[in-house]
Amino acid sequence: MGPVKYSLVVPVYCNEPSIGELLEAIGRLHRALDRMLEVVFVVDGSPDQSYERLDAALPASGLTAQLIALSRNFGSFSAVREGLAAARGDYIAIMAADLQEPEELILAFFHALANEPVDVALGVRAGRDDPSATRIPSMLFWWLYRQFVQPEIPRGGVDVFACNRAFRDRLLELRETNTSLVGQIMWLGFRRKLIPYHRRPRRHGKSAWSFSRKVKYLLDSMFAFSDLPIRALTWVGAAGLAISVVLALVVLIAKITDAIDVPGYAATVLTIIFFAALNSFGLGIIGSYTWRAYENTKGRPQAVVLTTKRYGPPEPGKRAESPMTDASVVAER
């Protein structure tokens with residue numbers, strides 16, 4: 001394979017219609033970066049023909065590339081981590097396969113990392129062409145993230161980023177599960193640069209980033225990086241104690257004045273209902289922290305690689321259809 005200075009990690013899930021345009025865009029990036037770009041495609045258990053289309057097109061593409069297939073769908077963040085681990089470049093960027101981030105953003109990432117005192121560059125949305133049904137929930141999601149998880153998250157959130165090898169190595173050392181990759185990036189610190197971009201409309205397919213996945217991601221982020229739920233439970237408990245004192249006074253006064261025909265009935269029922277609900281709420285919060293701690297003790301990999309293939313420009317005297325290939329099956333990284 002040719003020299004590799006830059007690596008581009010592309011998680012792929014249900015992106016079959018956009019594969020052709022994706023390879024064209026990456027080809028332009030490859031030429032703009034003096035053909036020192038390596039592309040790492042990570043197919044995250046995609047049920048369509050994304051893997052087959054990439055496998056058929058990459059040999060003749062002229063790209064230095066890796067095609068990694070995960071054993072099932074582990075989620076985009078796990079796919080990104082596998083791509084980061086496989087990347088060989090000094091500077092590594094993430095690019096979505098749906099082409100909603102412009103090519104110029106990737107070039108700006110690499111330029112900042114190579115020429116400025118920057119360890120990680122974050123793509124920050126300056127605008128977006130998504131419909132209101134998608135844009136408004138996304139704005140609400142990132143507003144809640146800033147308010148309750150990490151206030152330093154840029155407005156509009158972070159979808160893509162790039163980093164140098166030193167930052168990548170530190171990021172991969174964080175092995176906890178059910179967490180937030182963006183949260184880990186912000187937690188690590190290092191020297192950051194925010195690069196604004198305008199998010200393009202999605203041209204093919206439908207985003208898998210559903211409302212339920214956003215809620216799960218927000219909860220994972222909150223339990224991984226914030227003690228707000230525990231502090232909120234403490235205040236709710238204090239409020240419950242204050243309410244119980246008030247109810248006790250009401251019951252006492254009603255007892256003295258004979259205002260309740262059945263002594264203690266109303267207060268007893270209300271108190272039982274209130275504290276039963278409070279107890280269930282508290283157990284749910286504590287259980288969420290406990291479950292995540294238990295998951296981290298298992299030591300399971302965040303993703304399992306099924307196959308890895310490598311492609312490179314054809315050597316002199318060899319046909320372009322004969323890529324350099326390593327299709328070894330890996331059970332665990």
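Predicted model: local features only at pLDDT ≥ 70, side-chain atom pairs only at ≥ 80, totals over all residues.
Reader: What is the make-up of the chain in helices and strands?

Author: The chain has 10 helices and eight strands. Of its 333 residues, 44% are buried. Among contacts between residues at least 6 apart in sequence, 81% join residues at least 24 apart.

Reader: Why is Leu99 called buried?

Author: The relative accessible area of Leu99 is 13%. Buried means under 20%, so Leu99 with its 13% is classed as buried. Leu99 belongs to the loop between β4 (91–94) and α4 (103–115).

Reader: What makes the phi of Leu99 worth a remark?

Author: Phi of Leu99 is near 65 degrees, which is positive, and the residue is not glycine. Most residues other than glycine have a negative phi.

Reader: Which value does phi take at Phe190, and why is Phe190 called partly exposed?

Author: Phi of Phe190 is near 65 degrees, again a positive value in a residue other than glycine. The relative accessibility of Phe190 is 38%. Partly exposed lies between the 20% limit for buried and the 50% limit for exposed, so Phe190 at 38% counts as partly exposed. Phe190 sits in the loop between α7 (181–188) and β7 (192–199).

Reader: How do you know that Phe161 is buried?

Author: Phe161 has a relative accessible area of 4%. The cut-off is under 20%, so Phe161 at 4% is buried. Phe161 is part of strand β6 (residues 158–164).

Reader: What makes helix α3 (residues 76–86) largely enclosed by the rest of the structure?

Author: Eight of the 11 residues of α3 are buried, so the helix is largely enclosed. The buried residues of α3 are Ser78, Ala79, Val80, Arg81, Glu82, Gly83, Leu84 and Ala86.

Reader: What span does α4 have, and what is expected?

Author: α4 has 13 residues and reaches 18 Å from its first C-alpha to its last. That is close to the 18 Å expected at 1.5 Å a residue. The buried residues of α4 include Glu103, Ile106, Phe109 and Leu113.

Reader: How do α1 (residues 19–32) and α4 cross, and which residues make the contact?

Author: The axes of α1 and α4 come within 10 Å and cross at roughly 35 degrees. The crossing is right-handed. On the α1 side the contact is made by Ala25, Arg28, Leu29 and Ala32, and on the α4 side by Glu103, Ile106 and Leu107. These residues divide into five nonpolar, no polar and two charged. Arg and Glu count as charged, so Arg28 and Glu103 are the two charged residues of the contact.

Reader: Which residues have the most contacts inside the largest nonpolar core?

Author: The largest nonpolar core has 40 residues, and those with the most contacts inside it are Val10, Ile26 and Phe41. Ile26 touches Leu8, Val10, Leu37, Val39, Phe41, Leu63 and Met95, with residues up to four places away in sequence not counted. A second, separate core has 30 residues, among them Phe74, Leu84, Cys163 and Val182.

Key:
Residues numbered from 1 in each chain as written. Heavy atoms only, no water. Helix = DSSP H or I, 4+ residues; strand = E, 2+ residues; numbered from the N terminus. Buried < 20%, exposed > 50% of the residue type's maximum accessible area, 1.4 Å probe, protein only. Axes fitted to C-alpha atoms, helices over the stretch in contact; angles between N-to-C directions. Left-handed = near helix turned anticlockwise from the far one by under 90°. Contact = heavy atoms within 4.5 Å. Expected span 1.5 Å × (residues − 1). Core = buried A, V, L, I, M, F, W, Y, C linked by side-chain atoms within 4.5 Å.
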